[in-house]
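Okay, thanks for coming, everyone. Let me put the structure up, and then I'll walk you through it.

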Amino acid sequence: MTRVQSYFANILRWFDSEAGSDHLDTDSRSFNVIRTLPFIALHLACLLAFVTGVSTFAIVFAIGFFFVRMFAITAFYHRYFSHKTFKTNRFWQFVFACLGASAAQRGPLWWAAHHRHHHQHSDDPEDLHSPQQNGFWWSHVGWFTCDAGFAMDERRVRDWLKYPELKFINRYDALVPAVAVALIYGLGEALAVMAPGLGTNGFQLVVWGFFISTVALFHATVCINSLAHVWGSRRFETDDDSRNNFWLALITLGEGWHNNHHRWPQSARQGFRWYEIDITYYLLWLMEKAGIIRELNPLPQHVHEEALRLDRNRRNRP
Ligand SMILES: [Zn+2]
Ligand SMILES: [Zn+2]
């Protein structure tokens, strides 16, 4: 592929992540500036808040949409598509795949493929987002914007390739975010007419409810790659440098118990002790009671006992 062809292929990949005759180099860690432009634009678009102004409704919507999508990312992109810690039917699988895709963190299969690679190589030289190997900024955002980060190794997600609807939203990964923007704009315009007292409109609601909410959601999510391998305590002597961190667990709805998660990734629950708040797990538990999901993988008794023993030893240490 010539330089010009590669330039245009990267622009096409803004819309169709598989565009172009070749596949991206899955090993190259060079920054792909063209491909990253929409991601940079998303950040700059937050500054439009100075033009649109703000309203209480826009802030509440931004926070609400942040947490709804954080749940879709942690419960489905992570605990379901990457680790299969529970089961659901094809309808709910697609609904939550779409909700996760609206977070603009690429498709569910791309996300799962990279995450499975992370678990296999955690903090090894091969790990694409290890702060130990490549520093904080690389593990936070560098990996996401390089050729290897854009590429997806299909062999890691063979179990999901039989679902054409998942392959579709994974390939056209800008589609769901674009639909979300259109719906939010429509809602804001409708409210401007029907409830002018709220002081919002389409443009303002898109800036706060999508641009700002999505950028905050991205950075909160990737803190698990960067900070949760640096900042916090280590209950288990896992082969990596994963940490448990209460604050990260709060903003990510339970993902901050990352050392627990690396000890036993098959568990749907990541807070192993009663006081380790894991809101995603509580919601999954409710969804199981409501019949939306089933067969939540429990934490095995021996791992729970190991956690109790290690905590007891730590307390008794002089
Ligand atoms: Zn990790
Ligand atoms: Zn994981």
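Before I point at anything, one term: by a nonpolar core I mean a set of buried Ala, Val, Leu, Ile, Met, Phe, Trp, Tyr and Cys residues joined through C-beta atoms within 7 Å. Buried, in turn, is when 20 or more other C-beta atoms lie within 10 Å of a residue's own, exposed is 12 or fewer, partly exposed is in between, and the C-beta atoms are placed from the backbone.

Quick housekeeping. This is a predicted model, so local features need pLDDT of at least 70 and side-chain atom pairs count only at pLDDT 80 or more, while totals for chains, interfaces and linings use all residues. Residues are numbered from 1 along each chain as its sequence is written, and chains are lettered from A and ligands numbered from 1 in the order in which they are written.

Which residues touch the most other members of the largest nonpolar core? They are A72, F76 and L109, in a core of 44 residues. The elements giving two or more residues to this core are α4, α5, α6, α11 (175–194), α12 (202–222) and α15. For those labels, helices are DSSP runs of H or I with at least four residues, strands are runs of E with at least two, and both are numbered from the N terminus. The largest share of this core comes from α4, with 14 residues. Take F76: skipping residues up to four places away in sequence, F76 touches F81, F96, A97 and G100. Contact here means that the two C-beta atoms, placed from the backbone, lie within 7 Å.

Now look at how α4 packs. Helix α4 (residues 56–82) and helix α15 (residues 279–289) have axes that come within 10 Å and cross at roughly 75 degrees. The axes are lines fitted to C-alpha atoms, for helices over the stretch in contact, with angles running from 0 to 180 degrees between N-to-C directions. The two helices, α4 and α15, are therefore roughly perpendicular; the cut-offs are under 35 degrees for roughly parallel, over 145 for roughly antiparallel, 65 to 115 for roughly perpendicular, and oblique for the rest. On the α4 side the contact is made by F71, T74 and A75, and on the α15 side by T280, L283 and L284. Sorted by class, the contact of α4 with α15 has 4 nonpolar, 2 polar and no charged residues. For the classes, Ala, Val, Leu, Ile, Met, Phe, Trp, Tyr, Cys and Pro are nonpolar, Asp, Glu, Lys and Arg are charged, and the others, Gly among them, are polar.

Next, α6. The buried residues of α6 are P108, L109, W110, W111, A112, A113, H114, H115 and H118. What covers them includes α4, α5 (90–101) and α10 (164–171).

Either side of that helix the backbone does something to note. R106 sits in the loop between α5 and α6, and it has a positive phi of about 65 degrees although it is not a glycine. Is R106 buried or exposed? Buried, with 22 other C-beta atoms within 10 Å. After α6 comes D123, with a positive phi near 60 degrees. K84 has one as well, about 50 degrees, and is not a glycine either. K84 is in the loop between α4 and β1 (87–88), partly exposed, with 16 other C-beta atoms within 10 Å.

R235 lies between α12 and α13 (246–251), and it counts as buried, with 21 C-beta neighbours inside 10 Å. Beyond its neighbours up to four places away in sequence, R235 touches N244, N259, N260, A307, L310 and D311. Along the chain R235 and D311 are 76 residues apart, yet their C-alpha atoms are separated by 7.4 Å.

Then E276, in the loop between α14 (258–263) and α15. E276 counts as partly exposed, with 19 C-beta neighbours inside 10 Å. Leaving aside neighbours within four places in sequence, E276 is in contact with A249, W257 and G271. Okay, over to you.
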